[in-house]
Amino acid sequence: MALGAAVCLAAALVYTSFSASSEAASPSELVEGKSYDVTGKVVPDSISRQGDELRFRIRDRDGEESVPVVYTGVVPDPFREGREVIVSGELSRGTFVAERDSLVTKCPSKFTKDEQNS
């Protein structure tokens with residue numbers, strides 16, 4: 001009996017974990033009404049503050065497609081134009097509405113491609 005209960009609880013935990021996860025995407029892949037972890041580069045001259053909201057655009061790593069982002073919460077120190085970020089949320093009316101405190105800034109590589117080859 002206890003083993004059966006344990007198996008049921010484990011199955012419920014696995015199901016909940018996978019059903020709550022967000023799909024990773026770039027700005028060009030977003031569809032309204034789905035939750036995502038969106039990744040891309042912060043577009044130059046797109047960062048502004050309106051009250052508690054941080055507004056900026058992120059673009060695909062290898063393209064020009066971009067999406068506006070509205071974010072509230074802690075802003076990582078390395079956040080700036082051109083930096084690659086990951087933020088969780090969902091697209092609503094053409095704007096990515098981020099979950100509070102979900103912004104993560106990826107650290108840039110210490111070496112560029114040219115420096116690695118020399």
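Trainee: Where is A24 found?

Mentor: A24 is in strand β1, residues 23-25. Helices (H or I, at least four residues) and strands (E, at least two) are DSSP runs, numbered from the N terminus. Bear in mind that this is a predicted model: local features need pLDDT of at least 70, side-chain atom pairs count only at pLDDT 80 or more, and totals for chains, interfaces and linings use all residues. Residues are numbered from 1 along each chain as its sequence is written, and side-chain values use heavy atoms, with hydrogens and water left out.

Trainee: Is A24 buried or exposed?

Mentor: A24 counts as exposed because its relative accessibility is 59%. Buried means under 20% relative accessible area, exposed over 50%, and partly exposed in between, with a 1.4 Å probe and protein chains only.

Trainee: And which residues is A24 in contact with, leaving aside neighbours within four places in sequence?

Mentor: E29 and D37. Contact here means heavy atoms within 4.5 Å.

Trainee: Switching topic: how many aromatic pairs does a search of the whole structure find?

Mentor: One. It's F56 with F79, and the pair is edge-to-face because the ring planes sit at 65°, with the centres 5.0 Å apart. For the cut-offs, rings of Phe, Tyr and Trp (its six-membered ring) pair if their centres lie within 6.5 Å; planes under 30 degrees apart count as stacked, over 60 as edge-to-face and the rest as tilted.

Trainee: Where in the chain do F56 and F79 sit?

Mentor: F56 is in strand β4 (residues 53-59), while F79 is in the loop between β5 (66-71) and β6 (84-92), so the pair links distant parts of the chain, 23 residues apart. Both F56 and F79 are buried.

Trainee: OK, β6 next. Which strand does β6 pair with over seven bridges?

Mentor: Strand β2 (residues 35-42), in the antiparallel sense. Two strands pair if DSSP finds at least two bridges between them.

Trainee: What's going on at R93?

Mentor: R93 takes a positive phi near 55° in the hairpin of β6 and β7, which has two residues between the strands.
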